[in-house]
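Please read it with the sequence and the structure side by side.

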Amino acid sequence: MSNSARLAARDSVALMAGYHSPQLDVAVRLNTNESPTPPPEGWADEVRAALADIDWHRYPDRGAHELRAALARHERVAPEQVFAANGSNEVLQCLLLAFGGPGRKALAFEPTYALHSHIAGLTATEMVSGERNGDFTLDADQAIAMVGRHRPAVTFLCSPNNPTGMVEPPDLAMRLLEHVSALPGILLVDEAYGQFNPHSAVGEVDESRPLAVSRTYSKTWSMAAARLGYLVAPTWVVAELDKVALPYHLDAFKQVAGRLALAYEDDMKARVAELVAERERLAAGLDSLPVRQWPSGANFILFRPDSGDGDGVWQRLVDRSVLVRNCSSWPRLAGCLRVTVGTPAENDAFLAALREVL
Ligand SMILES: Cc1ncc(COP(=O)(O)O)c(C=O)c1O
């Protein structure tokens, strides 16, 4: 068959670069904001035991009722206010499938999590980009003006923000929500890193407001391999997401794994506290080096070598078997690198390698 006979993907897909997060075989991997430590042994034992009870020849519980009920208890909301999916990425995809799409817009404030605009592209939702200030803070008045001008169906606010690590002041979300509400639209607060920061917008979720908050098991719960995330939102939002999710999208294993994990909240909080302490130690280490860094409320830190040579520094770190995320070629992030907080030994190795490189 000649090339000319091949059907091209629709333009918005064919022109996409796709999402790339390169992995290399190195000793110290600090590039994808995962937890450096596994979940508790007790959880792993319980999951193994629960596997024996799964009816593998049957479809799983389509509504993931037990998982949602456990999440609802955990977040202190009603089970009907919880939606779960294969990672919070799938949560966001379902949100845009239901509330975005052709003829509708989504708004995000750049630089932010690349998947917000990527998923908008996949769902044929027109993406509108608001700009942050040079120091990556968000000007509330400008953000509100963007909402008024573009009337987005979905407005994304990522806090703590990836890749900057910065936390939005809680009143900013509430001010934005007031304006989003009037459109009408939906405000999605992406809290993939929410537990690393004392304030959460989950407590503000209410049937009378179009506020939805997405969270994940991939970071604080040490379960990136399980691919599980969820949304807390008014019941009318959740009901629409239930329609666009494919039937039985959440397999039986993941439903059990996610439900059992929630009993280990104290262990999760202890891991978070250790990572926050390590983050502060990393920040102090970076302070003594010729780099600029941004204040982080997450499990990673964005920094820029004073030389501006992000690519060169990244490569020389790789040469020393340390992998961080190279953001230098990303729009608005020239020369920047992002390091995930690892174990104390990994953080020491990173700081020693960076000191040598710089
Ligand atoms: C801000 C943000 N949101 C969502 C996600 C997606 O997480 P997952 O699909 O693993 O739940 C990530 C992953 O890195 C993220 O950084």
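Helices (H or I, at least four residues) and strands (E, at least two) are DSSP runs, numbered from the N terminus. The model is predicted: local features need pLDDT of at least 70, side-chain atom pairs count only at pLDDT 80 or more, and totals for chains, interfaces and linings use all residues. Residues are numbered from 1 along each chain as its sequence is written.

- Most residues other than glycine have a negative phi, and most peptide bonds are trans.
- Ser-159 and Pro-160 are joined by a cis peptide bond, with omega about -5 degrees. Pro-160 is found in the loop between strand 5 (154-158) and helix 7.
- Another cis peptide bond links Glu-110 to Pro-111, where omega is about 0 degrees. Pro-111 belongs to the loop between strand 3 (105-110) and helix 5.
- Arg-76 is not a glycine, yet its phi is positive, near 60 degrees. This residue sits in the loop between helix 3 and strand 2 (82-85).
- Ser-222, also not a glycine, has a positive phi of about 60 degrees. Its place is the loop between strand 7 (211-216) and strand 8 (229-232).

**Buried and exposed residues**

- A residue is buried if 20 or more other C-beta atoms lie within 10 Å of its own, exposed if 12 or fewer, and partly exposed in between; the C-beta atoms are placed from the backbone.
- Is Arg-76 buried or exposed? Arg-76 is exposed, because it has 10 other C-beta atoms within 10 Å.
- Ser-222 is buried, because 22 other C-beta atoms lie within 10 Å of it.
- Asp-206 is in the loop between strand 6 (186-190) and strand 7. It counts as exposed, because it has 12 C-beta neighbours inside 10 Å.
- Asp-206 and Ala-263 are 57 residues apart in sequence, and their C-alpha atoms are 25 Å apart in space.
- Helix 9 (residues 252-261) has 8 of its 10 residues buried, so it is largely enclosed by the rest of the structure. Among these buried residues are Lys-254, Arg-259 and Leu-260.
- The buried residues of helix 9 pack against helix 2 (41-51) and helix 3 (65-75); two residues are in contact if their C-beta atoms, placed from the backbone, lie within 7 Å.

**Nonpolar cores**

- A nonpolar core is a set of buried Ala, Val, Leu, Ile, Met, Phe, Trp, Tyr and Cys residues joined through C-beta atoms within 7 Å.
- The largest such core has 67 residues, and those with the most contacts inside it are Phe-83, Ala-84, Leu-95 and Leu-187. Helix 4 (residues 87-99) supplies the largest share of this core, 8 residues.
- Not counting residues up to four places away in sequence, Phe-83 touches Val-91, Tyr-230, Leu-231, Ala-233, Val-238, Leu-241 and Asp-242.
- A second, separate core of 27 residues includes Leu-30, Leu-275, Leu-302 and Leu-317.

**Packed helices**

- Two packed helices are described by the angle between their axes and the distance between the axes. Axes are lines fitted to C-alpha atoms, for helices over the stretch in contact, and angles run from 0 to 180 degrees between N-to-C directions.
- Angles under 35 degrees count as roughly parallel, over 145 as roughly antiparallel, 65 to 115 as roughly perpendicular and the rest as oblique.
- Helix 6 (residues 140-150) packs with helix 7 (residues 170-182) at an angle of about 20 degrees, and their axes are 10 Å apart. Helix 6 is therefore roughly parallel to helix 7.
- Where helix 6 meets helix 7, the residues of helix 6 are Ala-140, Ala-143, Ile-144, Val-147 and Gly-148, and those of helix 7 are Leu-172, Arg-175, Leu-176, His-179 and Val-180. This contact has 7 nonpolar, 2 polar and 1 charged residues; Ala, Val, Leu, Ile, Met, Phe, Trp, Tyr, Cys and Pro count as nonpolar, Asp, Glu, Lys and Arg as charged, and the others, Gly among them, as polar.
- The axes of helix 4 and helix 5 (residues 114-122) come within 9 Å and cross at roughly 45 degrees, so helix 4 is oblique to helix 5.
- Helix 10 (residues 265-287) and helix 12 (residues 344-357) pack at about 10 degrees, with axes 11 Å apart. These two helices are therefore roughly parallel to each other.
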